[in-house]
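Dear colleague,

Please find the structure below, with its sequence.

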Amino acid sequence: MKSDCKIRSATHDDLGQMLALLPQLADFDIPERRHANDLWEGDATLLIETLAGTKPDSFADVAEDQSGALLGLVLITMQEETLSHAPSAHLEAIVVAPHVRGKGLGRALLQHTEKTVRARGALSLSLHVFSRNQRAHQLYQAEGFDSELIRAIKWLD
């Protein structure tokens, strides 16, 4: 897959295709009381603001095929690490189009992200993932991510 696509910085011209990919963030067994659009609408807002230049600590990169069609994206925010406050990056979103899943693009996007944020001074890369999103868990584990924190929720109704 790496040789079939190019990973580059996103531009405002990519916004429509990127917004069309974001609903794929909800393509797993979503927990009860969660709505699919809640899993990606905040990322859509951040993406719009990032590409408009109003979020200078965030950036987005895309993977495109030889025809220029977007196959995937990453959205990253540079920030302090939660506990140590060391320079870090947070992977807000990673999306791979359904027709190219399982071909190594997610891995390529993660490796690209790691290299990019390291060059920007990050000492770590964090992310959030739902426990039910097994496809994502497998990728993150294979790429050396440690699931060190657990977020729990109890609905009070």
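A residue is called buried when its relative accessible area is under 20%, exposed when that area is over 50%, and partly exposed in between, using a 1.4 Å probe and protein chains only. Asp27, at 33% relative accessibility, therefore counts as partly exposed. Please keep in mind that this is a predicted model, in which local features need pLDDT of at least 70 and side-chain atom pairs count only at pLDDT 80 or more, while totals for chains, interfaces and linings use all residues. Residues are numbered from 1 along each chain as its sequence is written, and side-chain values use heavy atoms, with hydrogens and water left out.

Asp27 meets Arg135 in a salt bridge, with 3.9 Å from N to O; the term stands for a side-chain nitrogen of Lys or Arg within 4 Å of a carboxyl oxygen of Asp or Glu. This pair links distant parts of the chain, since Asp27 sits in the loop between helix 1 and helix 2 and Arg135 in helix 4, 108 residues apart. (Helices are DSSP runs of H or I with at least four residues, strands are runs of E with at least two, and both are numbered from the N terminus.) Arg135, at 42% relative accessibility, is partly exposed as well.

The whole structure holds nine salt bridges. In another of them, Glu64 pairs with Arg8, the closest N and O atoms being 3.0 Å apart. Glu64 belongs to strand 2 and Arg8 to strand 1 (residues 5-9), so the pair ties together parts 56 residues apart in sequence. Both Glu64 and Arg8 are buried.

Kind regards
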